[in-house]
Amino acid sequence: MKNLLNPKWLIVINIIPSLILLILFYGQFQIIKSQLSTEVKSLWIDFSLLLISLTCLQAVYIFLSIKKKIALSISYGLATLVIYSVSLYFYGGEAETLIPFSIARWMINVDTILYPGTFLMPTLIHSLFILIIYSSKKSKSSSAWLSFLYGISIPLLGYVFIQIILPLWQRTESNFGLHTLIILSIIASILFLFFICRGIYILINLKSQTLLKFKVYFKFLFSIILPILGLLFNSGLLSSHYGIGNSIFGDFSNIWFFVIALINGILICLPNFKNIKFRLFRFIGLCVCFPYTLYFFLVFLPFLPLAVVAVVAIGIGFLMLSPLFLFIFQSNELYSEFIILKQTYTSLKLNIAVCLSILVIPIALSSVYLRDKYILNSALEYVYNPNYSKNYKINKKSLLATLKTIEQNKGRNRGASDGNIPFLSAYYNWLVLDNMVLSETKINTLTAIFEGTEKPEVAFVEPFSAKAKISKIKTTSIFDIKQQIWKSNIDLEITNPENTNLASFETTLNLPNGCWITNYYLNIGNRKEYGLLAEKKSAMWVFSQIRNENRDPGILYYLTGNKVAFKIFPFSAQETRKSGMELIHKEPLIIVIDGHTVELGNKIDNNNIKTQSINGAAYIPKVEKAKLKLVKRTPEYHFIIDISKNKDRKKSSYYNRIEKFVVDNKINPERVKLDFTNSVVNEISYSHDWKKQLTEKTFDGGYYLEGAIKKILINDYDTKPHSFPIIISVTDSIKNSIVQSDFADYRMAFPESDNFYELDEANELWEHSLISNPKNRVNKTSVMENKGVLMLPNGINYLANDDQPSIILTSDENEKDLIDDKNVWLLGLNLQGKWLKNLTKKSSTDNSHLEIIKASMRTGILCPLTSYIVVENEAQKMALKKKQEQILSGNKNLDPDEDTQRMDEPNFYIVLLLLLAILIYKKKIEYLNLLKIKSFYN
């Protein structure tokens with residue numbers, strides 16, 4: 001512990017935490033500064049300058065001490081303890097002013113107010129250790145017992161104060177009394193920690209033979225008994241007596257916490273071997289376990305000022321101090337053993353051994369987390385962004401365990417016993433989830449696919465029932481002769497017809513191929529605010545957060561296919577708001593918005609429109625499609641057979657249904673494919689022994705129908721241009737299949753028909769739509785639709801036989817850089833091509849989604865990965881930017897936060913209130929018992 005007098009420790013203990021604190025506060029200030037008054041901004045600057053000044057003074061002191069080769073002085077320890085304590089006290093008094101309640105909570109980290117206490121507490125404890133070291137020089141055993149006596153007397157005096165003096169405390173109109181109590185509590189906490197730690201430090205450094213005999217008992221108490229009791233208390237096995245729930249400070253129920261605590265305690269209690277190899281082995285073991293001791297020391301570090309309150313309140317608050325005691329014991333033991341081992345081994349060898357040993361637990365833990373990351377990313381890619389040319393092998397058992405861990409880590413706002421582990425959960429979320437979350441919907445979907453048991457999703461309750469309606473529409477269309485495109489504007493007046501506040505406007509519009517949105521605005525008060533084009537997930541997250549604050553968001557984003565969602569909120573009673581959008585399109589078109597038909601462009605120019613292509617994407621207008629040859633491709637039948645969990649009893653039924661269907665419809669067996677489907681899809685050809693193969697299949701997981709359909713569509717589109725798939729689901733209940741959305745994004749892959757089919761247990765054939773509510777039956781049929789397709793001259797590409805323009809991917813692989821292209825519509829076609837390539841995995845890069853988002857923002861063209869959003873003020877824009885940066889730097893298949901972000905450390909005030917509540921409860925019980933005694937004698 002004497003090594004803590006080395007000034008180099010201040011770099012780790014003070015300088016680095018202070019710099020992190022400054023960075024965190026700067027990031028928070030940048031987001032909310034536009035919402036702060038001049039006085040509050042000045043207060044931010046004052047506290048920042050104070051922290052910067054203290055950090056600079058520390059840096060200068062470190063430099064001079066190292067240069068002069070002097071140890072940290074007692075005056076430094078005393079000055080640091082006083083200055084930082086006073087600074088934190090004044091900060092606590094102004095914390096609510098720094099972040100006023102007028103700031104929306106979603107724009108800040110709700111634990112920002114606790115950052116200084118978290119990051120500056122190491123400095124305070126270190127300064128306390130310096131005072132302990134200097135005050136303990138040449139101390140005797142009597143000094144140790146006096147220190148313990150002084151330390152124990154403080155909570156006893158506190159108890160007397162609460163029982164006798166506090167009830168007589170005279171209230172005043174000012175806050176003087178409150179501030180006096182707080183200052184007294186701070187002083188009492190510091191003195192309590194000082195005397196208790198000083199007593200322990202003296203005992204472990206005394207050389208008295210009498211004390212040495214009892215030293216092992218002290219070690220046993222502080223390294224085994226107290227840590228194990230603390231873990232048991234936190235797990236709820238001992239705390240129920242006090243009416244406290246489990247996992248107060250975090251979920252430490254994992255068996256490894258107890259195992260390492262026991263091993264570490266045994267190593268500390270072992271005698272100092274004379275055999276140098278045994279001594280080295282014990283030293284390395286202590287180094288391996290030291291990260292465990294350091295971890296709990298850091299976890300409980302912010303709560304040390306409350307230890308005296310805990311001792312007064314529930315009598316066993318000393319358990320909160322056990323990590324501190326253990327840290328002192330183990331640090332001192334390691335330092336002593338290092339000095340002795342240096343006599344046999346070189347410092348270089350010992351330092352290498354120490355570094356490698358200390359890294360064992362962190363590396364082992366990180367390896368487990370990285371394994372979870374790999375398994376999770378593979379599963380997410382398979383479900384949400386699959387490459388069907390790739391063979392996915394996912395360990396289902398490990399994935400389900402990973403999902404369980406993620407659910408536990410997400411539960412930090414649902415109560416004390418939420419499975420959250422301080423610091424480790426944050427590290428897990430950073431390493432595995434890129435500081436994002438896996439939404440409940442995705443957890444449920446992955447569980448349903450790979451386990452076969454679907455968890456009920458939390459139903460979303462629409463909080464506002466009143467709906468605003470379009471009351472007026474104005475359109476203008478101008479033909480750009482140079483670009484040969486239409487630029488159209490749609491201006492809307494939207495009115496809430498009800499006498500109800502907080503109404504919303506929500507609708508969808510279907511855009512024809514070759515039409516893109518290039519701008520959007522919403523009037524906020526009398527100000528026309530144009531939308532920001534942002535990454536879709538971040539924009540939707542911000543929209544949701546602002547809506548919860550009943551403010552002024554408006555948003556446009558793609559759903560599936562060419563369907564665009566359009567939302568504005570809120571509307572007060574009878575209020576009319578103005579909004580609008582700009583579109584570019586090659587041909588005149590008709591759009592329906594909220595039941596209103598809108599015509600854009602002049603129909604006279606139709607015949608002048610020609611086919612255009614760029615970078616492998618081609619636009620074929622209606623007039624060109626009318627010239628193409630109508631052909632009928634050969635159908636290929638795909639039977640998607642449900643082999644999910646508990647469906648093995650249906651084997652015979654599946655076989656009989658398919659055999660009968662093939663015979664009755666005179667289908668060529670060579671044109672039949674069988675897709676055995678649970679969490680994965682295994683395709684085989686139709687043969688005489690397929691029943692045997694069905695019998696040998698393992699029936700587990702969920703019926704992932706969506707994945708099977710997408711795989712069939714993409715593979716047939718890529719490799720079989722002269723045939724088309726007829727998809728038939730064979731299951732006893734298609735409602736239990738896993739289909740998250742429709743297949744409108746893949747429409748170019750099924751030009752013949754928008755349908756797939758279900759063959760039920762009664763051998764009835766049902767139509768289902770690929771583009772709308774796929775699980776719902778449309779109607780019963782006996783004829784599978786094949787209305788033919790239009791063939792392009794190349795004989796490879798085929799278009800739907802309709803009167804609408806089409807966009808397809810061609811074999812043109814020559815990429816042209818369009819950054820400087822002035823033709824906005826052509827940029828839109830290129831962007832659409834990039835999106836289609838991303839869907840079909842024909843993109844040349846793994847980061848194609850980032851290229852699409854950047855291209856969308858650069859051109860101002862809305863695409864399926866971006867969103868136009870109108871926000872009210874600069875703070876919301878900064879929050880949107882921060883969230884967007886976070887999402888773009890992480891896994892694209894993960895989600896933004898579902899809850900307001902919190903730090904892992906439990907809230908100081910929650911714990912304090914809990915302890916005070918326990919104290920009040922105990923006083924109430926004592927009072928009731930006293931009444932019972934009085935009534936007995938009366």
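Strand E13 (residues 617-620) and strand E24 run antiparallel and are joined by four bridges. The model is predicted. Within this pairing, Tyr619 has Ile807 of E24 as its bridge partner. Both strands belong to an open sheet of three strands, ordered E12-E13-E24, with antiparallel pairing. Its edges are strand E12 (612-614) and strand E24 (806-809), each of which pairs on one side only. On average, neighbouring strands of this sheet are turned by 20 degrees against each other, direction ignored.

A further open sheet of three strands has the order E14-E22-E23, and its pairing is antiparallel. Strand E14 (629-631) and strand E23 (798-800) form the edges, and each pairs on one side only. From one strand to the next, the twist averages 45 degrees. E14 is joined by three bridges to strand E22 (residues 789-791), and the two run antiparallel. Leu630 stands opposite Leu790 in E22. In general, strands of a sheet pair through backbone hydrogen bonds, either parallel or antiparallel.

Helix packing was examined for H14 and H16. Two packed helices are described by the angle between their axes and the distance between the axes. Helix H14 (residues 396-410) packs against helix H16 (residues 440-451) at an angle of about 160 degrees, and the axes are 10 Å apart. Angles over 145 degrees count as roughly antiparallel, so H14 is roughly antiparallel to H16. The crossing of H14 past H16 is left-handed. On the H14 side, the contact is made by Lys396, Leu399, Leu400, Leu403, Ile406, Glu407 and Lys410. These residues meet Glu440, Ile443, Leu446, Thr447, Phe450 and Glu451 in H16. By class, the contact has seven nonpolar, one polar and five charged residues.

The mean pLDDT of the chain is 82, and 82% of its residues reach 70 or more. Over residues 412-417, however, the pLDDT is below 50. This stretch has 15 contacts in the model beyond near neighbours in sequence. Residues 457-464 also have pLDDT under 50. For residues 457-464, the model has nine contacts beyond four places in sequence. Where pLDDT is low, the predicted coordinates should not be read in detail.

Key:
Residues are numbered from 1 along each chain as its sequence is written. This is a predicted model: local features need pLDDT of at least 70, side-chain atom pairs count only at pLDDT 80 or more; totals for chains, interfaces and linings use all residues. Side-chain values use heavy atoms; hydrogens and water are left out. Axes are lines fitted to C-alpha atoms, for helices over the stretch in contact, and angles run from 0 to 180 degrees between N-to-C directions. Angles under 35 degrees count as roughly parallel, over 145 as roughly antiparallel, 65 to 115 as roughly perpendicular and the rest as oblique. A crossing is left-handed if the near helix is turned anticlockwise from the far one by less than a right angle, and right-handed if clockwise. Contact means heavy atoms within 4.5 Å. Ala, Val, Leu, Ile, Met, Phe, Trp, Tyr, Cys and Pro count as nonpolar, Asp, Glu, Lys and Arg as charged, and the others, Gly among them, as polar. Two strands pair if DSSP finds at least two bridges between them. pLDDT is the predictor's confidence in each residue, from 0 to 100.
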